[in-house]
Amino acid sequence: TDGGLFANLDRSTALQEARVFNETPINPRKCRATITKILYLIYQSEVLQTKEATETFFSLTKLFQNQDIPLRQAVYLLIKELSTVAEDVIMVTASLSKDLTSKSEISKANAIRALCKITDASMIQGIERFLKQAIVDKNHAISSAALVSSLHLFGNSKDVVRRWANEVQESVNSKSGITQYHALGLLYQIRQHDRMAVIKLVQGLSRGTMRSPFAYCMLVRYAAKIMDEEDGARSMYESLEGWLRHRNEMVVYEAARAICNMRDVTSKELFPAVSALQLMLVSHKPSLRFAAIRTLNKLALTHPGAVAQCNLDMENLITDTNRSIATYAITTLLKTGNEASVDRLMKQISGFMSDISDDFKIIVVDAIRSLCLKFPAKQGVMINFLSGILRDEGGYDFKRSIVEAIFDIIYHIPESKEYALSHLCEFIEDCEFTKLGVRILHLLGVEGPKSATPSKFIRYIYNRIILENATVKAAAVSSMGHFAVECADLRERIRVLLTRALDDNDDEVRDRAALFLIVTSSEELCEKFLRLGDTFSWPTLENGLVNYLAHPEMQRAPFDISAIPTISREQEEAEKQRQKTAKQENIAPIAKSAAAQAAAANSAADGKFATVSSGAPGSGIVDAKKAYAAAMEKIPQLAMLGPIFKSSKKVDLTESETEYVVSCVKHVFAGHLVFQFNCRNTINDVLLENATVSMTVEANDDGLVGKLQLEGTVPAGKLAYDIPGSIYVVYKRNGGVSPVATFGNTLKFVVKDCDPTTGEADEEGYEDEYLLEDLELTTADFMLPTVTIDFYNKWEQMGEQHEQIETFELSAVPSVKAAVTQIIDVLGMEPCEGSENVKDRATTHTLVLSGIFVGGAGVLVRCRMAYDAGSGVTLEIAARCPDPVICERIVNSIA
């Protein structure tokens with residue numbers, strides 16, 4: 001509790017005490033105490049009304065008459081806090097400007113911070129001269145204050161702050177470390193859209209001219225960002241490796257972490273970073289040990305072999321007094337250890353599970369899940385451990401992680417099913433979380449009937465109907481109903497139990513019981529309603545229903561369920577596993593969904609069709625497709641097109657340094673083709689209006705492009721500086737054609753000059769155009785990658801009568817691994833059976849792929865490859881599909 005000065009303090013008392021500001025003579029000590037009380041209330045989230053804040057603010061300005069330095073500092077603090085609430089705060093500008101020329105360095109630095117807080121874009125030019133001088137001031141406190149204030153001003157006054165680049169560059173070479181740190185941050189903000197300037201900045205400063213370790217850490221992050229944008233290039237790797245030998249531990253760790261986070265990093269590139277982190281594991285500083293083991297823990301998910309060299313040091317950390325470090329150490333060992341060490345590690349984990357928080361328990365559970373999938377023979381030990389901690393005290397997230405882990409073990413290791421289901425049955429007997437109970441009951445209904453002795457699960461399920469709340473009861477009824485459908489020998493006995501549920505108090509329980517009693521009354525009804533091999537793509541169905549309800553004109557006809565694609569249960573389960581794995585391994589969803597939605601909102605508000613004019617199951621593109629679909633739903637003309645079948649990857653049509661940056665995403669619908677051009681204007685004194693893209697056919701490879709009919713364009717109404725917008729060009733696919741063609745593209749717009757400070761544009765403008773790169777429409781754009789379980793069985797079922805085979809010499813391809821990557825990109829299909837993984841220096845390999853071509857035809861592809869140093873890669877590609885035209889097209893795509 002707060003005592004003394006802040007005991008029983010309330011807002012009205014503190015504001016009344018503010019009258020001391022008006023006393024003559026001014027008492028600095030009393031005024032400082034009152035300011036401290038008001039600041040305390042603000043920092044405790046006390047909200048001041050506008051009138052109260054304004055009165056206090058103007059009383060505060062009278063304290064500028066006193067030259068007491070500590071009082072002046074307190075005044076600056078309160079001015080900054082009140083500036084966002086009080087009115088007419090601009091009145092104090094003169095007093096603050098006077099302090100900018102003060103001889104007191106402390107007053108000058110604080111005056112800069114306070115003045116920039118109350119300055120808006122229209123006033124900044126009045127203090128520009130003072131700020132430029134302050135940036136290069138010899139006193140590091142003044143220089144740092146000016147740099148930090150400039151960073152805050154940059155958001156609203158980019159062009160003014162950019163004019164200070166020379167002064168900021170000079171501050172980067174300052175002898176003060178904190179000034180260098182702030183100067184580097186501001187200089188990066190000024191140059192961040194000029195990629196070459198950023199590269200030059202990083203390369204110039206990486207030669208050891210800086211003193212600040214904080215600045216070096218920022219430099220490491222900038223270097224890592226440059227490499228991330230280079231798609232595999234390693235232009236900055238040497239600099240990162242050099243920073244591993246820096247004298248400051250913080251810089252060494254930052255460089256090691258950056259190398260570990262590089263995309264497609266090799267074991268050779270990782271070695272120096274892992275060695276640096278290994279040295280930190282034996283540091284006497286807990287913070288260093290924690291940082292190093294956490295980074296190695298994350299790296300072990302993707303490169304366990306590279307981390308294995310640290311096993312001995314990590315084993316010593318198991319007994320670390322910091323339980324967080326011990327937890328990370330043991331979970332990392334679980335990922336990198338061998339099968340012989342599993343039992344020993346599990347015993348050590350049991351010893352401290354009760355001493356750590358739920359967050360770290362979840363980390364342990366995820367590690368055990370990964371280990372169990374790695375060593376299936378140890379599944380009994382793992383399930384015993386998981387079921388043991390499942391009965392311990394813990395929150396919902398912790399218990400859910402355990403249940404999810406057991407679910408994954410059941411899915412990936414079928415022989416563990418009986419044992420794992422038995423433990424789950426015991427858990428639901430005393431489960432306090434309704435959601436978990438429902439999920440376990442659903443799993444029992446799906447997997448229980450397939451077990452060797454399904455009858456042993458009935459008792460546990462029926463107990464839930466008697467003892468639980470309505471939600472769990474309903475789930476239990478459905479679960480028992482599935483047993484009745486799948487197990488004919490148990491059906492009559494289960495029907496007796498379902499009959500008792502007809503008298504339940506809850507209507508949902510009664511309705512489900514009645515449904516299953518009717519369905520299980522005959523084998524024909526069981527086959528028709530509950531033994532369906534396929535299911536709907538739920539994201540697509542949801543998207544279609546939302547569109548249907550949002551547009552009254554669509555409701556004139558019944559909802560067309562036949563337009564929703566169906567998928568197999570195996571594909572649905574595989575997609576769930578993919579999403580779960582992505583979440584557990586912290587794989588980031590495809591970015592820019594917010595930008596896409598904002599761009600769509602701009603187009604919807606500012607543009608209409610000149611004339612007129614989501615998703616099926618996939619793998620990694622599902623999240624992006626949802627974002628694109630959500631953006632297009634806001635545009636009525638596009639919402640009418642229905643669900644998206646396939647969205648391609650983004651294709652850049654300009655260089656990233658040009659004045660107009662444009663990329664394109666191709667969307668395939670059941671009867672339409674939509675080109676989404678994402679545009680960004682990088683010229684600060686220009687506004688583009690009514691931006692459209694004119695598309696012309698440059699090459700018609702298969703003669704089908706003539707059947708594409710241009711229906712219209714949704715223009716981008718305005719493209720202001722650095723604010724993205726989208727243009728949509730819509731074609732109708734007459735006859736469901738899927739042409740291969742090349743389009744020439746020209747960006748057309750009206751240019752208006754504008755004030756870079758205010759953003760106000762001239763009323764008059766002129767028409768202009770900008771030539772873009774050509775855009776290819778390929779077979780892969782019409783192919784939806786889909787997971788196929790048991791590929792070779794499906795391959796045999798499709799039969800040789802639906803097969804096309806061709807052989808190609810890929811002389812320009814340097815390796816089998818490169819060939820696999822290129823084939824996947826060209827065909828746009830999903831690798832199956834883990835065939836995308838190729839051993840280093842492999843000379844032979846078989847790649848199997850699966851997909852659905854637009855229109856619903858399933859396609860399977862088998863690629864056999866052999867590598868020879870003299871002739872390159874020899875490829876035999878075989879495609880099977882019920883449609884021979886699609887088969888031929890897939891095979892010929894390689895040519």
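Student: What is the bridge partner of L673 in strand 10?

Tutor: Y731 is the bridge partner of L673. Keep in mind that this is a predicted model.

Student: Which strand does strand 10 pair with over eight bridges, and in which sense?

Tutor: That is strand 6, residues 672-681, and the pairing is antiparallel.

Student: And what stands opposite Y728 in strand 10?

Tutor: V714 does. Strand 8, residues 708-714, also pairs with strand 10 in the antiparallel sense. That pairing runs over six bridges.

Student: How many residues of strand 10 are buried?

Tutor: Eight of nine, so strand 10 (residues 725-733) is mostly covered, with buried meaning under 20% relative accessible area.

Student: Where do side chains point in a regular strand?

Tutor: They alternate between the two faces of the sheet.

Student: OK, helices now. At what angle do helix 12 and helix 13 pack?

Tutor: About 135°, with the axes 10 Å apart. That makes helix 12 oblique to helix 13. Helix 12 covers residues 195-205, and helix 13 covers residues 213-228.

Student: Is the crossing left-handed or right-handed?

Tutor: Helix 12 passes helix 13 in a left-handed crossing.

Student: Which residues meet there, in helix 12 and helix 13?

Tutor: Helix 12 brings V198, I199, V202 and L205. Helix 13 answers with Y216, L219, Y222, A223 and I226. The residues of this contact between helix 12 and helix 13 are nine nonpolar, no polar and no charged.

Student: What about helix 7 and helix 8, at what angle do they pack?

Tutor: About 140°, and their axes are 8 Å apart. Helix 7 spans residues 124-135, and helix 8 spans residues 140-154. Helix 7 is therefore oblique to helix 8, because only angles over 145 degrees count as roughly antiparallel. The crossing of helix 7 and helix 8 is left-handed.

Student: Which residues make the contact between helix 7 and helix 8?

Tutor: From helix 7, I124, L131, A134 and I135. From helix 8, I142, S143, A146, L147, S150 and L153. The contact of helix 7 with helix 8 divides into eight nonpolar, two polar and no charged residues.

Student: Zooming out, how many helices and strands does the protein chain have?

Tutor: The protein chain has 39 helices and 19 strands. Its C-alpha trace spans about 100 × 70 × 65 Å along the principal axes.

Student: And how much of the protein chain is buried?

Tutor: Buried residues make up 50% of the 895 residues.

Technical notes
Residues numbered from 1 in each chain as written. Predicted model: local features only at pLDDT ≥ 70, side-chain atom pairs only at ≥ 80, totals over all residues. Heavy atoms only, no water. Buried < 20%, exposed > 50% of the residue type's maximum accessible area, 1.4 Å probe, protein only. Helix = DSSP H or I, 4+ residues; strand = E, 2+ residues; numbered from the N terminus. Pairing = 2+ DSSP bridges. Axes fitted to C-alpha atoms, helices over the stretch in contact; angles between N-to-C directions. Parallel < 35°, antiparallel > 145°, perpendicular 65-115°, else oblique. Left-handed = near helix turned anticlockwise from the far one by under 90°. Contact = heavy atoms within 4.5 Å. Nonpolar A, V, L, I, M, F, W, Y, C, P; charged D, E, K, R; others polar.
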